[in-house]
Amino acid sequence: MLEQYMNIIKYSFNPQQVGSLGVPTHTDNGFLTILQDDEYVGGLGMMNENGEFVPVDPSPGTFLVNLGDIAKAWSNGRLCNVMHRVLCKEATIRISIASFLLGPKDEVVEAAQEFVDSEHPRLYAPFNHDDYWKERLSKNLRAGEVLELLRVNI
Ligand SMILES: O=C(O)CCC(=O)C(=O)O
Ligand SMILES: [Fe+2]
């Protein structure tokens with residue numbers, strides 16, 4: 001079964017923090033994230049394919065959906081675990097609400113058979129939730145590096 005949890009994050013940015021990162025560059029660890037970002041205070045940046053951060057300006061009444069490491073592994077690399085970060089742009093309160101749909105806790109995560117064929121060989125060794133988390137937390141690998149460690153050499 002897929003697990004889900006919600007985070008309400010309140011950033012209390014002070015003047016010294018302006019220009020620094022509120023959340024360092026990372027990929028989300030689960031399958032899919034639904035984000036209700038602050039309606040007034042920007043700062044979220046998503047990395048594009050050139051490695052540049054594209055600001056996501058506040059857009060009241062919208063949700064932002066992005067995919068995490070589990071989606072990339074399950075889709076054999078077809079879906080993208082987009083890197084993102086939060087930059088402190090001004091000394092103020094910023095609130096975001098994120099709902100994380102995680103991977104299965106008790107099952108092995110591996111590419112679905114539909115995504116694996118002779119032109120798309122399996123990219124990552126199957127892994128389980130606990131091993132993934134141990135690597136991510138103990139080595140502070142929060143930007144998709146755990147998947148790279150699981151990459152199958154072909
Ligand atoms: O606060 C935000 O806008 C994003 C937070 C985030 O990326 C996360 O919690 O994974
Ligand atoms: Fe995130």
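Me: How many salt bridges does the structure hold, and what counts as a salt bridge?

Reply: A salt bridge is a side-chain nitrogen of Lys or Arg within 4 Å of a carboxyl oxygen of Asp or Glu, and the structure holds five salt bridges. Before going through some of them, please keep in mind that this is a predicted model, in which local features need pLDDT of at least 70 and side-chain atom pairs count only at pLDDT 80 or more, while totals for chains, interfaces and linings use all residues. Residues are numbered from 1 along each chain as its sequence is written, chains are lettered from A and ligands numbered from 1 in the order in which they are written, and side-chain values use heavy atoms, with hydrogens and water left out.

Me: Where in the chain do Asp 37 and Arg 94 lie, and are they buried or exposed?

Reply: The elements are DSSP runs numbered from the N terminus, with helices (H or I) of at least four residues and strands (E) of at least two. The side chains of Asp 37 and Arg 94 meet in a salt bridge at 3.1 Å, N to O, and this pair links distant parts of the chain, since Asp 37 sits in the loop between β3 and β4 whereas Arg 94 belongs to strand β8, 57 residues apart. As for accessibility, buried means under 20% relative accessible area, exposed over 50%, and partly exposed in between, with a 1.4 Å probe and protein chains only; Asp 37 and Arg 94 are both buried.

Me: Which parts does the salt bridge of Arg 122 and Glu 110 tie together?

Reply: The side chains of Arg 122 and Glu 110 meet at 3.9 Å, N to O. Arg 122 and Glu 110 both lie in the loop between β8 and α2, so the pair ties together parts that are twelve residues apart in sequence. Arg 122 is partly exposed, with a relative accessible area of 24%, and Glu 110 is also partly exposed, at 38%. Another of the salt bridges joins Arg 151 to Glu 148 at 2.7 Å, N to O; here Arg 151 is partly exposed at 35%, and Glu 148 is partly exposed at 37%.

Me: Which residues make up the largest nonpolar core?

Reply: In soluble globular proteins, nonpolar side chains tend to be buried together. A nonpolar core is a set of buried Ala, Val, Leu, Ile, Met, Phe, Trp, Tyr and Cys residues joined through side-chain atoms within 4.5 Å. The largest one here has twelve residues, namely Tyr 11, Phe 13, Leu 35, Leu 44, Met 46, Leu 64, Val 82, Val 86, Cys 88, Ala 98, Phe 100 and Leu 102. Two or more residues of this core come from each of β4 (44-47) and β8, and β8 gives the largest share, three residues. Apart from this core lies another, of eleven residues, among them Ala 71, Ala 73, Tyr 124 and Leu 141.

Me: What does Leu 44 touch?

Reply: Contact means heavy atoms within 4.5 Å. Leaving aside neighbours within four places in sequence, the contacts of Leu 44 include Leu 35, Leu 64 and Val 86, as well as Asp 37 and Arg 94, the two residues whose side chains meet in the salt bridge at 3.1 Å.

Me: How many aromatic pairs are there, and how is such a pair described?

Reply: A pair of aromatic rings is described by the distance of the centres and the angle of the planes. Rings of Phe, Tyr and Trp (its six-membered ring) pair if their centres lie within 6.5 Å, and planes under 30 degrees apart count as stacked, over 60 as edge-to-face and the rest as tilted. The count comes to six aromatic pairs. One of them, Phe 31 with Trp 74, is edge-to-face, at 5.7 Å centre to centre and 65° between the planes. This pair links distant parts of the chain, with Phe 31 in the loop between β2 (21-26) and β3 (32-36) and Trp 74 in helix α1 (residues 69-74), 43 residues apart. Phe 31, Trp 74 and Phe 115 form one aromatic cluster, and Trp 74 is partly exposed, at 36% relative accessibility.

Me: Where does Ala 111 lie, and what does Ala 111 touch?

Reply: Ala 111 is found in the loop between β8 and α2 (129-138), and counts as buried at 7% relative accessibility. Not counting residues up to four places away in sequence, Ala 111 touches Ala 73, Trp 74, Asn 76, Val 116 and Arg 122. Among these, Asn 76 has a positive phi of about 55° although it is not a glycine, and is buried, with a relative accessible area of 6%.
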